[in-house]
Amino acid sequence: MPEDPIAHSELAALTRRFEEVAEKHDREFGIIKSDLTAVRLQIGNLDQKVDNLMSTVSGLEQKIDRNQAQIVELLSQLVGQRPDAN
């Protein structure tokens, strides 16, 4: 069975087009993959910063509680009354 030159050229054109599109998509997927990697790194850094911030806030809350207790104690001594005495 002889080859049809038109079908052969159409097949070659389709093959070239497929390879061009596949190459373009591979580049685009590569860009998307690298962008996702960068986003993951930023999220990881953000998670670490949030954890550090939460630790700092917890420490500040403890200091505020101690300071408030000291203020109540000092004010109670100043006026001569205990806050828990009714």
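Arg17 and Glu20 form a salt bridge in this predicted model, with their closest N and O atoms 3.9 Å apart. A salt bridge here is a side-chain nitrogen of Lys or Arg within 4 Å of a carboxyl oxygen of Asp or Glu. The model is a prediction in which local features need pLDDT of at least 70 and side-chain atom pairs count only at pLDDT 80 or more, while totals for chains, interfaces and linings use all residues. Residues are numbered from 1 along each chain as its sequence is written, and side-chain values use heavy atoms, with hydrogens and water left out.

A search of the whole structure finds two salt bridges, listed below.

| Arg17 and Glu20 | 3.9 Å | three residues |

An α-helix has 3.6 residues a turn, so residues three or four places apart point the same way. Side chains of opposite charge can pair when their charged atoms come close. Glu20 is partly exposed, with a relative accessible area of 49%, and Arg27 is likewise partly exposed, at 47%. Buried means under 20% relative accessible area, exposed over 50%, and partly exposed in between (1.4 Å probe, protein chains only).

The secondary structure of the protein comes to one helix and zero strands; helices (H or I, at least four residues) and strands (E, at least two) are DSSP runs, numbered from the N terminus. Helix H1 covers residues 5-79, 75 residues in total. From its first C-alpha to its last, H1 reaches 108 Å, close to the expected 111 Å, a span given by 1.5 Å times one less than the number of residues. Gly80 follows H1 and has a positive phi, near 80°.

Ile71, Leu75, Leu78 and Val79 make a nonpolar surface patch of about 430 Å². Ile71 lies in helix H1 and is partly exposed, with a relative accessible area of 47%. Patches are made of residues with over 30% relative accessible area and no salt bridge, nonpolar side chains (Val, Leu, Ile, Met, Phe, Trp, Tyr) being joined within 5 Å and like charges within 9 Å.

Of the 86 residues in the protein, 1% are buried.

Definitions and conventions
Accessible areas come from the Shrake-Rupley method with a 1.4 Å probe; for residues, only the protein chains shown count as cover.
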